[in-house]
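Biologist: I would like to learn how to read cavities and ring pairs. Can we work through an example together?

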Amino acid sequence: MSKECEVAIIGAGNGGLTLALALHEAGINCRVYEAVPELKPLGVGINILPHATGVLGRLGANEALAKISISTQNAAFFNQYGQHIYTEALGTNAGYATPQFSIHRGELQLALLKIVQGRLGDDAVVMDRRCVGADTAGDESHVHFENRAGERFTVKASVAVSCDGLHSALRKQFYPDEGAPNYTGINMWRGAINWTPFLDGATFARAGALTSDTGKMVIYPIRNNPDGTQLVNWVAEIESPQPAQRDWNKQGNLDDFFPVFNDWHFDWLDVAKMIESTENILVFPMVDQDPLPHWTRGRLTLLGDAAHPMVPRGSNGAGQAIMDAEYLTACFVERGVGPEALEAYDRERVRATGNVVLTNRKAPPDKILQVVHERTGGKPFASIEDVISQDELREITSSYKAVAGYTLESLAAKSA
């Protein structure tokens, strides 16, 4: 059996599909193998930050994504009483060359799939292929798949890249004794609902604080509707003794978290009414896993959530997968499609993403909320300037951008 492609991509998530586009742009033959028989627009909202939309823009995807997303203009922080703490500009409003997209996770995936199939052909993505393992044999990688009927398939390629998410078969193969994810003690309930625009209709809002007696909300629009409403994504976070099941599509119950937010009726948004009106609610634990020392074994490597699952507190999970894809492609172009390129990718991206994983644990942008809550004792304030200075607020978010790799200066230097 001859090689089917130079690069076998395991998983048609956002990272895998971006990798396919980047490889195609570089003239490198690839094919994507996806576990499910059909991709459906599952999940809720995510944000794609300017470092990642820079990559997608270079791949010619931003125009299509702009039509199905919100180009987010501002980040705003509030306490649990709805009092305004801080606002900063985002995306092009902050001077970046490319926008910050707030978008439905499933719609992003389907849009990328359409672009991949349009450029690489319908056979570029093979469905109903669940990876059950892989190995290196000489100058080839052998990836083993199983379909829903129980039939087995082996694909030969020069290298294989595991982009199959949180439950990656290759990650388990590489690190069989890794153990359970690290649970932060916080569960998230998520929903999306068609709602009247709030604030300026393009703001990513955070409110509250994570303590034993209150919770935190993240709320942002992800699509404009023809009737003037928006599809608004919300995330409720509260401390919980037991983690929820680690499944992005696990159904959640309103009664398990709503009492914490039932009096959140702000002048800029009736949060309680919005939550109560949402029909489909999902639950997910706030978990991550310790950074790995290496992602690569021979002609096999990891990418995206398979490589660096992180707590979703900096809007950076999908973005880092997209950055992985660009960097790996550049390594192939420079060093050829083989182990040398994989090792170069491993050295850089393990370090870079490990820093993001650790920073998301202790100093994400929503650290602002915790600082204000601690200094006010969880009480309303008369003036935010009496609590914290604008310079200190800016420093918290600027420090995160530096670690995550999307300061204005770093992206300008990269594009120069």
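Biologist: Which strands and helix each supply at least two residues of the lining of the largest cavity?

Modeller: Keep in mind that this model is predicted. The elements are strand 5 (74–78), strand 13 (203–211) and helix 10 (390–404).

Biologist: What is the volume of the largest cavity?

Modeller: The volume is about 140 Å³. The lining has 14 residues, and E88, L90, R206, P365 and Y406 are the closest to the centre. Sorted by type, the lining holds seven nonpolar, four polar and three charged residues. In total, the structure has four cavities of 30 Å³ or more.

Biologist: Now the rings. What describes a pair of aromatic rings?

Modeller: Two values do: the distance of the centres and the angle of the planes. Here the count comes to 12 aromatic pairs. Take F198 and W268: the centres are 6.1 Å apart and the planes lie at 45°, so this pair is tilted.

Biologist: Where do F198 and W268 sit in the chain?

Modeller: F198 is in the loop between strand 12 (182–195) and strand 13. W268 is in the loop between strand 15 (230–239) and helix 6 (271–277).

Biologist: Which residues do ring pairs link into a cluster?

Modeller: The cluster joins F78, W189, F198, W234, F257, F261, W264, F266 and W268.

Biologist: Which residue lies over the face of F153?

Modeller: R129 does, at 3.8 Å from the ring centre. Likewise, R297 lies over the face of F174, at 5.2 Å from the ring centre.

Conventions. Residues numbered from 1 in each chain as written. Predicted model: local features only at pLDDT ≥ 70, side-chain atom pairs only at ≥ 80, totals over all residues. Heavy atoms only, no water. 1 Å grid on protein atoms, 1.4 Å probe; cavity = no way out; pocket = protein on both sides within 12 Å on 5 of 7 lines; lining within 4 Å. Points joined across faces, edges and corners; volume = space filled by probe spheres on them. Helix = DSSP H or I, 4+ residues; strand = E, 2+ residues; numbered from the N terminus. Nonpolar A, V, L, I, M, F, W, Y, C, P; charged D, E, K, R; others polar. Phe/Tyr/Trp six-rings, centres within 6.5 Å; stacked < 30°, edge-to-face > 60°. Lys NZ or Arg CZ within 6 Å of the ring centre and 35° of its normal.
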